[in-house]
Amino acid sequence: MSEEDSTKHPSEATFVHTAEYELDAKIAGKPVYLPSGAMEHVIARHVLGEGLDKKTKTTFYPVGQRVKGREIPGVMKVEEIVYYIDEAVKEGKPRLEEDRVVIIYEFDEPEKAGINRLKVVLKEVKGDFGIHFEVLTAYPISGPYVPLYEDGRWVR
């Protein structure tokens, strides 16, 4: 967000861009990156609710935003999403699903962020400097403050 947007309600703020992060985590000894495009997707979809009518099911990070007429609790900050993704990749158990690596991470203290379980989906990338992994998406699955929008309505 731009500096002038930082005082606005999250749903009124203009999303500008994110940086690319190299996470502390490794998978099979290979580095893991959170590209700016993936983080932009996470914020657009699972914070701001873009494209809700195109998907049947979406969960949201509880960062105090307003989506489709619903005020979502502000249990965590948008900036913390990166840290929770990093924790999930670092501490979770990766498994292969087709051509993707999927991690379902269970939080020890779900009340801290309002999230019980977080799903992270990664892909293996063969680049000029060797093999690494990139996050494609990451979203909360469940938690005491994780709302679910499904088939055009709020389910929880």
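Predicted model: local features only at pLDDT ≥ 70, side-chain atom pairs only at ≥ 80, totals over all residues.
**Entry 1: the three-stranded sheet**

I began with an open sheet of three strands. I read their order as S3-S10-S11, with antiparallel pairing. S3 (57-59) and S11 (153-154) are the edge strands, and each pairs on one side only. I then looked at S3 and S10 (residues 148-150). Three bridges join them in the antiparallel sense. Which residue of S10 stands opposite Lys57? I found Glu150 there. As background, I noted that strands of a sheet pair through backbone hydrogen bonds.

**Entry 2**

Next I followed S6 (residues 95-97) and S7 (residues 100-106). They pair in the antiparallel sense over three bridges. Arg95 stands opposite Val102 in S7. S6 and S7 make a hairpin, with two residues between them. In that turn I checked Glu98, and its phi is positive, about 55°. S7 also pairs with S8 (residues 117-127). That pairing is antiparallel too, and I counted seven bridges. Arg100 has Lys123 in S8 as its bridge partner.

**Entry 3: helix H2**

Which residues of H2 are buried? I listed Ile81, Val82, Tyr84, Ile85, Asp86, Ala88 and Val89. I also kept a rule in mind: an α-helix has 3.6 residues a turn, so residues three or four places apart point the same way.

**Entry 4: the nonpolar cores**

The largest nonpolar core has 33 residues. Tyr61, Ile81, Ile85, Val89, Val120 and Leu122 touch the most other members. I looked up which elements give two or more residues to this core: S1 (21-27), S2 (30-34), H1 (36-46), H2, S7, S8 and S9 (130-142). H2 gives the most, with six residues. I then picked Ile81 and left aside its neighbours within four places in sequence. Ile81 is in contact with Met39, Val42, Val47, Tyr61 and Met76. Another core lies apart from the largest one. This other core has five residues, among them Leu52, Val67, Ile72 and Tyr149. My general note reads: in soluble globular proteins, nonpolar side chains tend to be buried together.

**Entry 5: salt bridges**

How many salt bridges are there? I got eight.

I looked up Asp53 and Lys68 first. Their closest N and O atoms are 3.6 Å apart, and they form a salt bridge. This pair links distant parts of the chain, 15 residues apart. Asp53 sits in the loop between H1 and S3, and Lys68 in the loop between S4 (66-67) and S5 (70-71). Asp53 has 65% relative accessibility, so I marked Asp53 as exposed. Lys68 has 45%, so I marked Lys68 as partly exposed.

Then I returned to H2. Asp86 and Lys90 meet in a salt bridge, at 3.5 Å from N to O. They are four residues apart in the helix, so about one helical turn separates them. Is Asp86 buried or exposed? Asp86 is buried, because its relative accessible area is 10%. Lys90 is partly exposed, at 41%.

Asp99 is exposed, at 51%, and Arg100 is partly exposed, at 29%. I also noted a network: salt bridges with shared partners join Asp24, Asp86 and Lys90.

Conventions: Residues numbered from 1 in each chain as written. Heavy atoms only, no water. Pairing = 2+ DSSP bridges. Buried < 20%, exposed > 50% of the residue type's maximum accessible area, 1.4 Å probe, protein only. Core = buried A, V, L, I, M, F, W, Y, C linked by side-chain atoms within 4.5 Å. Contact = heavy atoms within 4.5 Å. Salt bridge = Lys/Arg side-chain N within 4 Å of Asp/Glu carboxyl O.
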